[in-house]
Amino acid sequence: MSRFENKVAIVTGGAAGIGAAAVRRLIDEGAQVMLVDLDEPALETLCTELGPASRYCVADVSSVEETKKYFQQTVDAWGQVDVLLANAGIEGVVAPLHEYPADMFHKVMQVNVEGVWNGLQQAMPLMAANGGGSIVITSSVAGLQGAPGMAAYVTSKHAVVGLMRTAALEGAAHKVRVNTVNPAPVETRMMRSLEQGMNPDDPTRVHDQMAAAIPFGRYASAAEIASMLLYLASDDSSYCTGGTYTVDGAMSTG
Ligand SMILES: NC(=O)c1ccc[n+]([C@@H]2O[C@H](COP(=O)([O-])OP(=O)(O)OC[C@H]3O[C@@H](n4cnc5c(N)ncnc54)[C@H](O)[C@@H]3O)[C@@H](O)[C@H]2O)c1
């Protein structure tokens with residue numbers, strides 16, 4: 001398959017988890033990909049493995065200046081940006097709302113919301129000038145429903161749905177499509193961290209209970225989320241914009 005031949009993609013949070021799974025698939029399908037992340041050793045290892053169709057930029061998505069930097073480096077390398085996967089995110093901590101640390105609430109909003117906002121601000125005019133493009137934001141089932149102990153994360157993942165809906169309306173006239181993917185728990189570092197936060201004495205038990213509560217009886221794999229990210233990034237989804245796309249084993253239908 002070569003859905004991304006001659007396409008240039010930026011993937012934030014591209015060094016690990018869902019982002020890295022999407023990067024691998026994009027490269028397999030012909031794209032040139034700029035990986036953006038804070039984790040330089042992981043970026044270097046992945047790009048060495050993937051070869052010249054991949055490059056990386058160490059950047060913090062919550063910084064306006066660093067966002068400009070990773071867009072500039074992409075345009076300098078390949079002349080355009082066709083796809084943005086605004087995927088970098090952090091989980092914060094697990095604590096009841098009244099005990100949730102304010103500085104962590106702000107940090108989660110900076111990375112998960114302002115990070116996406118920064119990317120949209122750079123991508124939208126660039127894609128419009130280039131005749132169109134596709135932006136996919138990694139929200140969550142936590143962007144569609146609440147989750148006790150996760151006030152900041154839930155708020156941030158709802159907020160990006162609002163950003164997406166506005167951007168989709170503004171982008172429509174310029175053929176810039178904007179959607180969110182809303183996964184259930186995925187087998188990545190992030191869930192290990194949350195399971196630990198929910199029960200430090202027995203995180204495996206949390207995993208098993210959470211998996212059992214999903215109608216499919218298990219978490220998703222990163223590759224299963226990447227499949228939806230690539231569908232929305234590709235021309236296969238040419239009439240899809242302004243949508244929330246669950247990949248959740250029926251978790252959010254209950
Ligand atoms: N894992 C899940 O269960 C799950 C479920 C739904 C949604 N999501 C969302 O999917 C996205 C990817 O999560 P994941 O599970 O792959 O997590 P992960 O922790 O495995 O990977 C996230 C990557 O983002 C990078 N990152 C974090 N902060 C950054 C910043 N400020 N600037 C640049 N890079 C930064 C990290 O270094 C890491 O490589 C996140 O937005 C997350 O909220 C995850």
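In this predicted model, Val64, Thr67, Lys68 and Phe71 of α3 meet Asn118, Gly119, Gln122 and Leu126 of α4. By class, this contact of α3 with α4 holds three nonpolar, four polar and one charged residues. The two elements, helix α3 (residues 64-78) and α4, pack at an angle of about 40 degrees, and their axes are 9 Å apart. The crossing in which α3 passes α4 is right-handed.

The axes of α4 and helix α5 (residues 151-171) come within 9 Å and cross at roughly 15 degrees. With angles under 35 degrees counted as roughly parallel, α4 and α5 are therefore roughly parallel to each other. The contact draws on Met104, Phe105, Val108, Met109, Asn112, Val113, Val116, Trp117, Leu120 and Met124 from α4, and from α5 it draws on Ala151, Ala152, Tyr153, Ser156, Lys157, Ala159, Val160, Leu163, Ala167 and Gly171. Sorted by class, the residues of the contact of α4 with α5 are 16 nonpolar, three polar and one charged. Here too the handedness can be stated: α4 passes α5 in a right-handed crossing.

A further helix pair is formed by α1 and helix α8 (residues 222-233), which pack at an angle of about 60 degrees with their axes 8 Å apart. At this angle, α1 and α8 are therefore oblique to each other. Gly17, Ile18, Ala21, Ala22, Arg25 and Leu26 make the contact on the α1 side, while Ala222, Ala223, Ile225, Ala226, Leu229 and Leu230 make it on the α8 side. Ten nonpolar residues, one polar and one charged make up the contact of α1 with α8. The passage of α1 over α8 is a right-handed crossing.

Turning to the strands, seven of them form an open sheet with parallel pairing, in the order β3-β2-β1-β4-β5-β6-β7. The edges are taken by β3 (54-58) and β7 (244-247); each has a single partner strand, so one side of each is left without a neighbour in the sheet. On average, and with direction ignored, neighbouring strands of this sheet are turned by 20 degrees against each other. Within the sheet, strand β5 (residues 133-138) and strand β6 (residues 176-183) run parallel and are joined by six bridges. Thr138, for instance, has Val181 in β6 as its bridge partner.

Helix α3 lies across β1 (8-12), β2 and β3, and runs at about 160 degrees to β2. Helix α8 lies across β1, β4 (83-86), β5, β6 and β7, and its direction is at about 165 degrees to β6.

Finally, the surroundings of the ligand bring several of these elements back into view. Of the 29 residues around the ligand, Gly13, Ala16, Gly17, Gly89 and Thr188 come nearest. Two or more residues of the shell are given by each of α1 (17-28), β2 (32-37), α4 (102-129) and α6 (189-198). The shell around the ligand comprises 14 nonpolar, eleven polar and four charged residues.

Notes: Residues are numbered from 1 along each chain as its sequence is written. This is a predicted model: local features need pLDDT of at least 70, side-chain atom pairs count only at pLDDT 80 or more; totals for chains, interfaces and linings use all residues. A residue is near a molecule or strand if its C-beta atom, placed from the backbone, lies within 6 Å of it. Helices (H or I, at least four residues) and strands (E, at least two) are DSSP runs, numbered from the N terminus. Ala, Val, Leu, Ile, Met, Phe, Trp, Tyr, Cys and Pro count as nonpolar, Asp, Glu, Lys and Arg as charged, and the others, Gly among them, as polar. Axes are lines fitted to C-alpha atoms, for helices over the stretch in contact, and angles run from 0 to 180 degrees between N-to-C directions. Angles under 35 degrees count as roughly parallel, over 145 as roughly antiparallel, 65 to 115 as roughly perpendicular and the rest as oblique. A crossing is left-handed if the near helix is turned anticlockwise from the far one by less than a right angle, and right-handed if clockwise. Two residues are in contact if their C-beta atoms, placed from the backbone, lie within 7 Å. Two strands pair if DSSP finds at least two bridges between them.
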